[in-house]
Amino acid sequence: MVSDPANGRLHGKVALIAGGGASAAFDEHASGAAGIGEATAIMCAREGAKVVVADISMLAAATTVAAIEAEGFTAVAVQCDVTKEADCRRAVEAGVDTFGELQLLVNNVGIGQLGSVLEIDVDEFARVLDVNLRGQFLMIQNALPAIERAGGGAIVNVSSINALRSAVGVAYETSKSALRGLTRNVALSAGPKNIRVNSVLPGAKKCSCRGHRPRPGLEPGGDADSSRSARLSVGGGAGCCLSRVGRRELCQRGGALDRRRSRRPTAVADPTA
Ligand SMILES: NC(=O)c1ccc[n+]([C@@H]2O[C@H](COP(=O)([O-])OP(=O)(O)OC[C@H]3O[C@@H](n4cnc5c(N)ncnc54)[C@H](O)[C@@H]3O)[C@@H](O)[C@H]2O)c1
């Protein structure tokens with residue numbers, strides 16, 4: 001477990017985590033590990049934010065909220081499918097209605113996909129882009145006016161190292177690459193409104209995401225040589241610069257949740273920072 005003592009960097013802020021549900025709540029294969037969104041929601045609460053956990057699974061969202069409340073912090077769960085505009089609007093309204101304002105959006109939703117251009121049909125290609133790209137666009141479009149009304153804030157879009165290095169998922173990599181373009185464009189227009197927009201590009205993490213789940217032998221801190229075949233089996237041979245699976249907490253620590261960190265030349269910071 002990574003220890004990163006909270007110091008109130010988000011005190012007085014309201015954070016909306018899209019895809020912040022605890023996958024372990026409904027994924028029988030989760031083995032106790034949960035996703036980046038859940039860990040981010042908990043970290044935001046520990047840093048002093050009031051948190052809105054939005055997820056397509058209300059059970060998953062409520063499970064994260066229960067974990068936050070168990071630590072004595074404040075959060076609310078909302079069911080939200082990011083491919084539905086009305087749901088995105090409702091998630092933003094849940095933050096504003098419950099806590100009065102919104103300053104931070106973490107766009108974490110993403111579904112995995114394995115297969116090359118000849119191994120995927122057009123409907124699956126469209127579905128992955130619908131969730132991973134159009135869904136993030138809809139969340140941004142609905143959250144931006146609220147963040148502007150609050151006087152500014154930040155948006156963090158969760159892309160992937162596979163935006164830079166190809167492995168085996170053509171739709172996934174297309175969506176994560178396009179998300180960086182979306183991030184750059186929104187950063188340009190939102191900057192003058194005191195809203196920072198960044199993307200983070202995690203490498204493979206030990207978590208429950210279907211399509212991202214590490215295969216046996218590819219464990220955090222695992223020996224690079226002994227897990228070589230496993231790396232290749234998840235596409236990590238081309239995209240996994242650490243040659244091992246990381247821990248979800250590292251995504252938040254390197255992320256763009258505050259200005260100082262977003263300017264550091266880390267592996268996950270977007271050039272728009
Ligand atoms: N896990 C990895 O190794 C890894 C590596 C690089 C990037 N990423 C990216 O990080 C993000 C989180 O990945 P994770 O592995 O923690 O995933 P996860 O499956 O643990 O969490 C994703 C959450 O999104 C929710 N979700 C799925 N579809 C949704 C929809 N249409 N609307 C709202 N919520 C929806 C799920 O219920 C789940 O709670 C994704 O964008 C993923 O592409 C993950």
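1. A residue is called buried here if 20 or more other C-beta atoms lie within 10 Å of its own, exposed if 12 or fewer do, and partly exposed in between, with C-beta atoms placed from the backbone. Helices (H or I, at least four residues) and strands (E, at least two) are DSSP runs numbered from the N terminus. By these terms the buried residues of helix 1 are Ile-36, Gly-37, Glu-38, Ala-39, Thr-40, Ala-41, Ile-42, Met-43, Cys-44, Ala-45 and Arg-46. Eleven of the eleven residues of helix 1 are thus buried, so this helix is largely enclosed by the rest of the structure.

2. The model is predicted: local features need pLDDT of at least 70, side-chain atom pairs count only at pLDDT 80 or more, and totals for chains, interfaces and linings use all residues. Residue numbers start from 1 along each chain as its sequence is written.

3. For the overall composition, the chain has nine helices and six strands. Of its 273 residues, 53% count as buried. Two residues are in contact if their C-beta atoms, placed from the backbone, lie within 7 Å. Among the contacts in the chain with a separation of 6 or more, 72% join residues 24 or more positions apart.

4. A nonpolar core is a set of buried Ala, Val, Leu, Ile, Met, Phe, Trp, Tyr and Cys residues joined through C-beta atoms within 7 Å. The largest such core holds 69 residues, of which Leu-16 and Val-51 touch the most other members. Helix 4 (residues 122-149) gives the most to this core, with nine residues. Apart from neighbours within four places in sequence, the contacts of Leu-16 are Val-52, Ala-54, Ala-91, Val-92, Gly-95, Leu-102, Leu-104, Leu-105 and Ala-143.

5. How are helix 1 and helix 2 packed? Axes are lines fitted to C-alpha atoms, for helices over the stretch in contact, and angles run from 0 to 180 degrees between N-to-C directions. Helix 1 (residues 36-46) and helix 2 (residues 58-70) pack at an angle of about 30°, their axes being 10 Å apart. Helix 1 is therefore roughly parallel to helix 2, given that angles under 35 degrees count as roughly parallel, over 145 as roughly antiparallel, 65 to 115 as roughly perpendicular and the rest as oblique. Glu-38, Ala-41, Ile-42 and Ala-45 of helix 1 meet Thr-64, Ala-67 and Ile-68 of helix 2 in this contact. Its residues divide into five nonpolar, one polar and one charged; Ala, Val, Leu, Ile, Met, Phe, Trp, Tyr, Cys and Pro count as nonpolar, Asp, Glu, Lys and Arg as charged, and the others, Gly among them, as polar. Just after helix 1, Gly-48 takes a positive phi of about 110°.

6. Helix 4 also takes part in a contact with helix 3 (residues 85-99): the two axes come within 9 Å and cross at roughly 30°. Helix 3 is therefore roughly parallel to helix 4. On the side of helix 3 the contact is made by Glu-85, Cys-88, Arg-89, Val-92 and Val-96, and on the side of helix 4 by Leu-138, Met-139, Asn-142, Ala-143 and Ala-146. By class these are seven nonpolar, one polar and two charged residues.

7. With helix 5 (170-190), the axis of helix 4 comes within 9 Å and crosses at roughly 20°. Helix 4 and helix 5 are therefore roughly parallel to each other. The residues of this contact include Phe-125, Leu-129 and Phe-137 of helix 4 and Tyr-172, Leu-179 and Val-186 of helix 5.

8. The loop between helix 5 and strand 6 (195-200) contains Asn-194. Most residues other than glycine have a negative phi. Asn-194 has a positive phi of about 70° although it is not a glycine. With 13 other C-beta atoms within 10 Å, Asn-194 is partly exposed. Gly-191 is placed in the loop between helix 5 and strand 6 as well.
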